[in-house]
Amino acid sequence: MSTLTLNRWLKEKFGCKVYKLSLSTGCTCPNRDGKISTGGCTFCSEGGSGEFGQTSGNIDEQIRKAVEKISSKLPKTKPVKFIAYFQSFSNTYETPGKPFENIADIFHRAISHPEICALSIGTRPDSISGRMIDFLSELNKEKPVWIELGLQTIHEKTAEKINRGYSLDVFCDTYKRLKDKGLSVIVHTILWLPGETKDMMKETASYLAALTPPPDGIKFQLLQILRKTKMAEDYEKNPWSLPGMNEYCSFVKELADLMPEETVLHRLTGDGPKSLLIEPLWCANKRAVLNEMKKHFKLD
């Protein structure tokens with residue numbers, strides 16, 4: 001059973017409050033540029049799930065702006081550190097317009113920044129080459145490097161329905177290669193995907209819990225129906241049941257109980273852009289959701 005939340009784990013590891021800087025490599029996604037598909041995953045927004053991040057300027061400029069934005073809201077006396085979080089699209093996806101050397105330079109410059117304590121890199125398991133894994137393994141010797149893999153579900157029929165574009169075997173192979181190189185892996189799951197029952201969601205969590213070695217972190221994300229997505233079109237034609245706040249928080253606690261105690265709970269829900277959110281509307285009230293989640297997890 002894991003009750004190890006990210007905030008607590010970060011404070012124990014780095015000795016102070018740690019904030020994420022949402023940054024961009026400028027990479028695209030093979031599920032959008034035609035290599036696999038042009039539609040993308042059906043739930044993914046136009047911003048590649050990175051609407052809140054810095055998207056313009058070189059990486060030094062992005063970090064400067066993001067640090068200033070967060071620091072302006074903080075007391076000047078308390079020490080803080082930052083994680084360079086590359087969130088949107090597939091940040092290890094090498095293309096002629098964004099070759100390996102360019103991506104590697106961005107990661108190297110980010111990790112070299114004195115206020116950055118770790119890199120967290122969101123990507124697809126089918127979009128990370130052997131040489132990229134080798135490079136990130138070397139960076140990991142300087143500061144921690146985390147790879148965030150978007151799995152969403154272990155169920156192949158659901159994966160086809162959401163146009164994920166790769167099989168579970170691809171995830172398993174990439175997971176093994178990353179772990180063999182000593183890299184930390186955080187796995188993304190999405191709850192209440194169309195057609196999935198609670199038993200199916202539990203099967204995904206149980207599968208991940210049984211991996212050897214287990215995931216370093218996991219993100220449980222409530223499915224959010226966002227405007228201008230294929231998922232929104234599907235939902236409008238044939239809506240499916242989505243949970244209320246209490247039901248969701250209670251179920252996430254059940255899933256967390258399945259995870260090994262060393263797996264860090266990086267996310268228990270999510271708050272997408274309110275301007276795009278169609279359903280469930282309750283998840284836009286971040287404070288209320290966190291308070292409800294604390295009750296179920298008995299957190300201070």
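This is a predicted model: local features need pLDDT of at least 70, side-chain atom pairs count only at pLDDT 80 or more; totals for chains, interfaces and linings use all residues.
Reader: Which residues is serine 37 in contact with, beyond its neighbours within four places in sequence?
Author: Contact here means heavy atoms within 4.5 Å. With the neighbours within four places set aside, the partners of serine 37 are Pro30, Asn31, Arg32 and Asn163.

Reader: How many Å apart in space are serine 37 and methionine 293?
Author: In sequence, 256 residues separate the two. From C-alpha to C-alpha, the distance between serine 37 and methionine 293 is 37 Å.

Reader: How many helices and strands does the protein chain have?
Author: Helices (H or I, at least four residues) and strands (E, at least two) are DSSP runs, numbered from the N terminus. In the protein chain they come to ten helices and nine strands.

Reader: What is the radius of gyration of the protein chain?
Author: The C-alpha atoms fill a box of roughly 45 × 45 × 40 Å along the principal axes. The radius of gyration is taken over C-alpha atoms, and the globule rule is 2.2 Å times the number of residues to the power 0.38. For 300 residues a compact globule would come near 19 Å, which agrees with the value for the protein chain, 18 Å.

Reader: How is helix 3 oriented relative to helix 4: roughly parallel or roughly antiparallel?
Author: Helix 3 (residues 100-112) and helix 4 (residues 130-139) have axes 11 Å apart, at an angle of about 15 degrees. Axes are lines fitted to C-alpha atoms, for helices over the stretch in contact, and angles run from 0 to 180 degrees between N-to-C directions. Angles under 35 degrees count as roughly parallel, over 145 as roughly antiparallel, 65 to 115 as roughly perpendicular and the rest as oblique. That is why helix 3 and helix 4 are roughly parallel.

Reader: Which residues of helix 4 make the contact with helix 3?
Author: From helix 3, the contact takes in Phe100, Glu101, Ile103, Ala104, Phe107, His108 and Ile111. By class, the contact has nine nonpolar, one polar and two charged residues, where Ala, Val, Leu, Ile, Met, Phe, Trp, Tyr, Cys and Pro count as nonpolar, Asp, Glu, Lys and Arg as charged, and the others, Gly among them, as polar. On the side of helix 4, the residues are Arg131, Met132, Phe135, Leu136 and Leu139.

Reader: Which residues of helix 10 does helix 9 meet?
Author: The axes of helix 9 (residues 245-258) and helix 10 come within 9 Å and cross at roughly 45 degrees, and the two helices are therefore oblique to each other. Helix 9 brings Met245, Asn246, Tyr248, Cys249, Ser250, Val252, Lys253 and Ala256. In helix 10 they meet Ala288, Val289, Glu292, Met293, His296 and Phe297.

Reader: Where is tryptophan 192, and is it buried or exposed?
Author: Tryptophan 192 is not a glycine, yet its phi is positive, about 70 degrees. Most residues other than glycine have a negative phi. Tryptophan 192 lies in the loop between strand 5 (184-191) and helix 7, and with a relative accessibility of 7% it counts as buried.

Reader: Is lysine 228 buried or exposed?
Author: Lysine 228 also has a positive phi, about 65 degrees, without being a glycine. Its place is the loop between strand 7 (225-226) and helix 8 (230-237). Since its relative accessibility is 64%, lysine 228 counts as exposed.

Reader: What is omega for the peptide bond from threonine 212 to proline 213?
Author: Proline 213 is in the loop between helix 7 (198-209) and strand 6 (217-222). The bond from threonine 212 to proline 213 is cis, with omega near -5 degrees.

Methods
Residues are numbered from 1 along each chain as its sequence is written. Side-chain values use heavy atoms; hydrogens and water are left out. Buried means under 20% relative accessible area, exposed over 50%, partly exposed in between (1.4 Å probe, protein chains only).
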